[in-house]
Every structure is written in C-alpha cells, then in structure tokens.
Amino acid sequence: MIRLLLPDRPGSLGAVATALGTMGADIQAVEIVGREGATVVDDFMVLLPDNVMPDNAVSACTQVDGVQVLWCSRYPAGAGLQSDVEALEKMLADPDNAAAILAESAPVAFHCHWAVLLHRGHGTVLHATPMAPDLTPDSIGRFAPTDTAHSGELPAGWMPEWVETAYAITPLRGERAVVLGRHGGPSFLTAELARLRHLAAMVPLT
C-alpha cells in the first residue's frame, strides 16, 4: 500500500497511475481516505513486479508534481466500501459473533496489521487477530479512554520489542471496544475512524 497526498485536481490521479505503470506496477485498487483543503489522501494498493522494490515505486510517485508519499508498506489486499459491506454482511449473518467478526475483518478493511476486541470493564482481551500484541491490563490502559472513539500514536517500546504504533479505537455495546493497530503508521484519518464507528454501531448487544 502506498498512501499519497496529492493535489485535488483533474489529472493528478492519472499522473500517478502513469508513473507507477511505467514500472510495470499493477494498481489493484485506489481509495480516497480523506481530504485536506486543496489536497486529497489516497491509498494505492499496488502489486509490484518481482524486480521492482517498494523504494522504486516511492521514487516514481515523488516525481509527479505536487505529490507527497505519506507511507509505503505491505498490507492485505482489499479495502474501502466493498470490504465494509462484506464485513457488515458477515456481522448481520452471525449477530452473536458480530464483534469478533468486525475485529477479524479490520486488517483488510482498514489496511492495518492487527485488531483486538476488548472488554472495557474487565480490561481483558476477548478476541485478537494473529498479529495482535499480547495485551495486559496496563497496556490496554494506553488506549484510554476506551469509551470514546479516537485515534493516537504509541511510542516504540510501548510493548516489549514493539515499534511505534498508530491505533484507532471505538466502543461497542456491552462494555466492549475494538482497537486497530498499524506498525509504524500511518496514522488513522478522521474518515477511517468514521467508518470504524459506523461498523461498530452495527454490532448488537449480546
């Protein structure tokens, strides 16, 4: 995934696509994740040829006038509205496990590395995806307040041997909350937090 800040004007998206295309990159999806004044933040899901390094793709993007590369990292394929709809359909089909399904769907839907489902009252983990940290009550406290949707950054070493982590958290019914994490960033944008809150609102009290 390459997250770009580019001018919100006709031709910008095409110029980036052309720059990546000259390297043989296959753009599998483009998602608008936010707008900032006269600029837009886009996530490009790109499949690179074996002989092309991510740094080469970053360099190609920065050659486009007005484009800034905010982040480049490996993420699961898929994202955005389609992934949100798929997650919602699974949640509605199995309401008793909707909260865990939301957590399992998050890494693909939100381009993050891990997700955990917490019990806010007990300070315990109810469900975690494979790459999630082994959270303790003390480390869970770093996401406070857990009853309010917000995002933030945790410094390197917040968990033993863990790098800087960007997170987003939103409460669920039944004294629960879901937390998403990205190793090293990028930060969760307001639009992403709004999507997470929308999906969380669909989780029933069970």
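Helices (H or I, at least four residues) and strands (E, at least two) are DSSP runs, numbered from the N terminus. UniProt, in an unreviewed entry, places the feature "domain: ACT" at residues 1-74; such annotations may be inferred rather than shown by experiment, and the positions follow the numbering used here, with feature names shortened.

Before going on, note that this is a predicted model: local features need pLDDT of at least 70, side-chain atom pairs count only at pLDDT 80 or more, and totals for chains, interfaces and linings use all residues. Residues are numbered from 1 along each chain as its sequence is written, and side-chain values use heavy atoms, leaving out hydrogens and water.

**A hairpin to look for**

Strands E2 (residues 26-36) and E3 (residues 39-47) run antiparallel and are joined by 9 bridges; two strands pair if DSSP finds at least two bridges between them. Ile 27 has Val 46 in E3 as its bridge partner. The hairpin has 2 residues between the strands, and Gly 37 takes a positive phi near 65 degrees there.

**Salt bridges**

Side chains of opposite charge can pair when their charged atoms come close. A salt bridge is a side-chain nitrogen of Lys or Arg within 4 Å of a carboxyl oxygen of Asp or Glu. The whole structure holds 6 of these salt bridges, including the following:

| Salt bridge | N to O distance |
|---|---|
| Glu 192 and Arg 3 | 3.0 Å |
| Glu 31 and Arg 195 | 3.2 Å |
| Glu 192 and Arg 182 | 2.6 Å |

Salt bridges with shared partners join Arg 3, Asp 43, Arg 182 and Glu 192 into one network. Buried means under 20% relative accessible area, exposed over 50%, and partly exposed in between (1.4 Å probe, protein chains only). Glu 192 is buried at 2% relative accessibility, Arg 3 is buried at 1%, and Arg 182 is buried at 0%. Glu 31 and Arg 195 are buried too.

**Two cysteines**

How many disulfides does a search of the whole structure find? The search finds 0, a disulfide being a pair of cysteine sulfur atoms within 2.5 Å. The sulfur of Cys 72 is 8.2 Å from the closest cysteine sulfur, in Cys 61, which is too far for a bond. Cys 61 is buried, with a relative accessible area of 0%, whereas Cys 72 is partly exposed, at 29%.
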